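Hi,

Here's the structure I promised to pass on. Have a look at it first, and then read my notes below.

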Amino acid sequence: MNLNIDTYGQYLEVYKYSVEHPEKFWAEIASDFEWKQKWEKVLEWNFSEPKIEWFLGGKLNITQNCLDRNLVENADKKAIIWEPNNPNEHIREITYRELHDSVCRFANVLQANGAKKGDRICIYLPMIPEAVVAMLACARIGAIHSVVFAGFSSQSISDRINDSECSMIITADGVERGEKRVELKKIVDEALVNCPSIKRCIVYNNRNWEVDIKQGRDVWWHSEIRKVGANNEPEWLDAEDPLFILYTSGSTGKPKGVLHTTGGYMVMAGYTFKMVFNYKPHQIFWCTADVGWITGHSYIAYGPLLNSATIMMFEGVPTWPDAGRFWDIVDKHKVNILYSAPTALRNLMAAGDHFLENKDLTSLEVLGSVGEPINEEAWYWYHDKIGKEHCPIVDTWWQTETGGMMLSPIAGIGVAKPGFAMYPLPGIQPLLLNEKGEELHGNNVEGNFCMKFPWPGMARTVYGDHKRFQQTYFSTYNNLYFTGDGCKRDEEGFYRITGRVDDVINVSGHRIGTGEVEDAINDHDCVVESAVVGYSHDMKGQALYAFVICNKPVDDLIKFRNEVGKIVSERIGSFSKPDKIQIVKALPKTRSGKIMRRILRKIAENDYSNLGDTSTLIDPKVVDDIKSGVI
Ligand code: WT7
């Protein structure tokens with residue numbers, strides 16, 4: 001299928017075809033990939049169980065599409081260009097042939113260490129090429145990878161390992177991010193004390209740091225690699241065999257293991273990458289996300305490799321050695337497409353434009369944004385100062401659960417508005433509903449954002465808890481997938497995401513469940529109960545505000561706040577620490593015991609107008625008390 005869409009008119013035509021003949025449309029896209037055996041049926045679905053199956057009967061291996069397929073014409077093309085944290089250390093460049101070789105060898109290592117199809121393997125690695133190698137090696141043998149972002153605490157690692165009973169973990173001695181040393185193996189060692197399912201821990205030597213090696217459990221990546229050959233026949237998987245699990249926070253309970261399957265995810269990641277960025281073979285593509293999030297899965301690893309692209313990968317942070325590092329990298333490696341997050345852009349913008357001086361950014365052709373709504377100021381800065389007014393900005397809306405981009409302008413067709421994810425990609429069928437569950441037709445409407453038809457990259461279940469999958473996404477509205485986001489369709493029919501409508505908070509583009517943070521805070525000896533809400537933050541988009549009830553007077557408030565922050569860091573990760581912690585006597589509760597978060601959100605925003613009806617509260621005076629103690 002010709003996916004080179006150059007005008008909005010062409011987009012409208014392709015879009016129309018895609019919704020009138022969705023199965024034909026997706027089958028044509030899927031035909032651009034290599035299948036060991038073609039599918040018998042394109043789609044089987046219902047959103048009530050729910051059951052979603054794409055390309056039934058098809059057999060494939062995604063790594064054959066990412067790697068082997070490139071050995072013919074692109075063997076010597078760079079697959080990965082890697083920039084180390086420290087700009088004075090050596091860069092690494094890896095061709096498609098070398099990447100194929102590394103993945104096959106590491107797949108052999110996994111098998112030699114007992115891994116097989118269907119096993120769950122946890123990956124806790126920094127931003128090094130080996131993270132991509134490890135993911136692909138799992139995919140090659142049909143093992144299900146579960147990447148845990150290397151900023152999560154040991155408690156979070158063990159929770160995730162235990163939930164999906166991983167048999168193996170792949171990690172490294174450690175990593176430097178900016179000036180910070182992160183001893184990954186130590187964090188893993190602490191996690192593994194509570195993980196009976198783990199039989200093997202493979203350790204990559206990234207920094208030559210000393211680590212404890214537990215005999216019988218831990219082995220070194222480099223010594224294992226020497227024991228195996230370079231040939232590895234891929235495991236031929238069913239299209240619906242699982243590819244990976246990725247944990248994400250919800251409004252309640254523990255994180256959910258979102259499960260993606262092989263065929264549909266491949267089609268989605270490959271198609272959206274090509275379509276949205278309008279990728280051309282000469283281009284160097286840089287996604288600044290971490291491989292530990294879905295953005296890294298789909299647009300560092302799979303999407304680009306499925307399109308024979310050259311990936312830029314960066315180990316460090318945007319502000320070290322100074323806030324010009326991103327621009328140094330663009331200049332040094334002549335990056336053509338930059339895909340980043342509003343929170344990073346706001347930070348770099350705030351650091352000052354002198355960090356842009358003497359940086360040659362003329363290689364840039366397309367700019368992307370993801371993770372949260374981008375505010376106009378950041379959008380214009382990105383457009384004017386980084387893109388020099390000639391690079392299209394693609395504001396891509398999607399979720400861990402969607403597998404790939406769903407709404408976005410398409411680079412090069414020239415229709416965009418700051419802060420708008422614009423329009424659905426061909427094949428995607430969104431709709432808006434009001435609180436009563438009625439569809440909102442026409443333009444200039446705002447409501448809850450849903451999907452009425454499946455797409456190949458959608459999650460198939462929550463690992464081990466299909467009921468939760470049904471309840472979270474398919475129970476709010478009959479026969480629809482509910483995203484959890486609010487959305488506005490403007491007078492021209494373009495979409496603007498307004499933010500979460502549930503108790504999920506988007507801090508710096510990372511999804512944080514309030515329930516999880518509250519559970520952690522409640523672990524403090526002095527805390528009886530807590531309620532966490534989000535409030536607007538200049539840099540992070542949103543930040544966390546915790547209201548806590550203590551069982552005794554707190555003398556040293558600073559010490560208390562530090563202790564609470566530390567508990568949250570240990571239980572989840574430091575990125576989940578509340579920015580503000582206020583001790584209150586009571587929380588605003590209804591007679592049925594429900595905390596009225598709407599009121600807390602308003603107070604946290606310092607917005608006391610229109611607090612709404614407080615008469616249903618057991619004790620409306622509570623609200624004044626809380627207001628008087630606001631930080
Ligand atoms: C939530 C999904 C998709 C990868 C990164 C986050 C918010 C995402 C946008 C955007 C406005 C956005 C939504 C969504 N979000 N992209 N372009 N504009 N909001 O993945 O952790 O699964 O979070 O991020 O609220 O539901 P995630």
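Lysine 41 sits across from leucine 56, which belongs to strand E2. That pair is part of a hairpin: E1 and E2 have 4 residues between them. Strand E1 covers residues 41-46 and strand E2 residues 51-56, and the two are antiparallel, joined by 5 bridges. Keep in mind as you browse that this is a predicted model.

Next, the sheet. What is the order of the strands in the open sheet of 8? Going across, you get E12-E11-E8-E6-E7-E14-E15-E23, and the pairing is mixed. The edges are taken by strand E12 (218-220) and strand E23 (461-462); each has a single partner strand, so one side of each has no neighbour in the sheet. As a reminder, strands of a sheet pair through backbone hydrogen bonds, and they can do that either parallel or antiparallel.

For a parallel example, look at strand E6 (residues 120-124) and strand E7 (residues 144-147), which are connected by 4 bridges. Within that pair, cysteine 122 of the model has serine 146 in E7 opposite it.

Two helices to find while you're there:

- Helix H6 (residues 154-164) packs on the sheet and touches E6, strand E8 (168-172) and strand E14 (242-248). The direction of H6 makes about 140° with that of E14.
- Helix H7 (residues 184-192) also packs on the sheet, where its contacts are E6, E8, strand E11 (200-204) and E12. Between the directions of H7 and E8 the angle is about 155°.

Now for the ligand. Which residues are closest to the ligand? They are Asp395, Thr396, Thr400, Asp485 and Arg511, out of 17 residues that surround it. By type, that shell divides into 6 nonpolar, 6 polar and 5 charged residues. Three elements each supply at least two residues of the shell: helix H10 (294-306), strand E20 (393-396) and strand E25 (495-500).

Some polar side chains reach oxygen atoms of the ligand. Arginine 500 has a polar side-chain atom 2.8 Å from a ligand oxygen. For glutamine 399, a side-chain N or O atom is 2.9 Å from an oxygen of the ligand, and for asparagine 506 the distance from a polar side-chain atom to a ligand oxygen is 3.4 Å. How much of the ligand's area does the protein bury? Taken alone, the ligand exposes 560 Å², and 95% of that is buried by the protein.

Happy browsing!

Notes
Residues are numbered from 1 along each chain as its sequence is written. This is a predicted model: local features need pLDDT of at least 70, side-chain atom pairs count only at pLDDT 80 or more; totals for chains, interfaces and linings use all residues. Side-chain values use heavy atoms; hydrogens and water are left out. A residue is near a molecule or strand if one of its heavy atoms lies within 4 Å of it. A polar contact is a pair of N or O atoms within 3.5 Å; within protein, one must be able to donate a hydrogen and the other to accept it, and residues adjacent in sequence count only if both atoms are side-chain atoms. Accessible areas come from the Shrake-Rupley method with a 1.4 Å probe; for residues, only the protein chains shown count as cover. Ala, Val, Leu, Ile, Met, Phe, Trp, Tyr, Cys and Pro count as nonpolar, Asp, Glu, Lys and Arg as charged, and the others, Gly among them, as polar. Two strands pair if DSSP finds at least two bridges between them. Contact means heavy atoms within 4.5 Å. Axes are lines fitted to C-alpha atoms, for helices over the stretch in contact, and angles run from 0 to 180 degrees between N-to-C directions.
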